[in-house]
Amino acid sequence: MQIKEDINKYIFRGYDIRGVFDKDIDIDTAYTIGLGFGSKLYDLGKNTCVVGHDNRLSSPDLHQALIQGLIETGINVYDLSLTTTPMYYYACINLGID
């Protein structure tokens, strides 16, 4: 995986990241987002996050790339793997993670 420098800024939304796989977002994009988000968490004094994915065919690969980027910044990851949004929120609350 490589750091991607030309990420499409329109994939970032208020509460999520959305784009067409291999057009707007790819493995390197997910990895780079993981590095950036992990660095931001570290700057905020956080060291843990929760990650999950939906059932799209591209999700497992994007999921793993994101986690790799997070781990490389020193962030501990609770990996929910395939999950629903309500289950993700429950995990965050139950684990006490913002």
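User: Which element gives the largest share of the lining of the largest pocket?

Analyst: Bearing in mind that this is a predicted model, the largest share of that lining comes from β1, which supplies six residues. At least two residues each come from α1 (27-43), β1 (48-53), α2 (59-72) and α3 (85-95).

User: What volume does the largest pocket have?

Analyst: Its volume is about 1,500 Å³, and of the 40 residues that line the largest pocket, Y15, D16, I17, G52 and L66 are the closest to its centre.

User: And how many of the lining residues are nonpolar, polar or charged?

Analyst: The lining of the largest pocket divides into 20 nonpolar, 13 polar and seven charged residues.

User: Switching topic, how many salt bridges are there in the whole structure?

Analyst: The search finds four, and one of them joins the side chains of K4 and D26, at 3.1 Å from N to O. Both K4 and D26 lie in the segment before α1, so this pair ties together parts that are 22 residues apart in sequence.

User: What does K46 pair with?

Analyst: K46 forms a salt bridge with D98, and their closest N and O atoms are 2.7 Å apart. Because K46 sits in the loop between α1 and β1 while D98 sits in the segment after α3, the pair ties together parts that are 52 residues apart in sequence.

User: Is D98 buried or exposed?

Analyst: D98 is exposed, with a relative accessible area of 77%, whereas K46 is partly exposed at 35%.

Methods: Residues numbered from 1 in each chain as written. Predicted model: local features only at pLDDT ≥ 70, side-chain atom pairs only at ≥ 80, totals over all residues. Heavy atoms only, no water. 1 Å grid on protein atoms, 1.4 Å probe; cavity = no way out; pocket = protein on both sides within 12 Å on 5 of 7 lines; lining within 4 Å. Points joined across faces, edges and corners; volume = space filled by probe spheres on them. Helix = DSSP H or I, 4+ residues; strand = E, 2+ residues; numbered from the N terminus. Nonpolar A, V, L, I, M, F, W, Y, C, P; charged D, E, K, R; others polar. Buried < 20%, exposed > 50% of the residue type's maximum accessible area, 1.4 Å probe, protein only.
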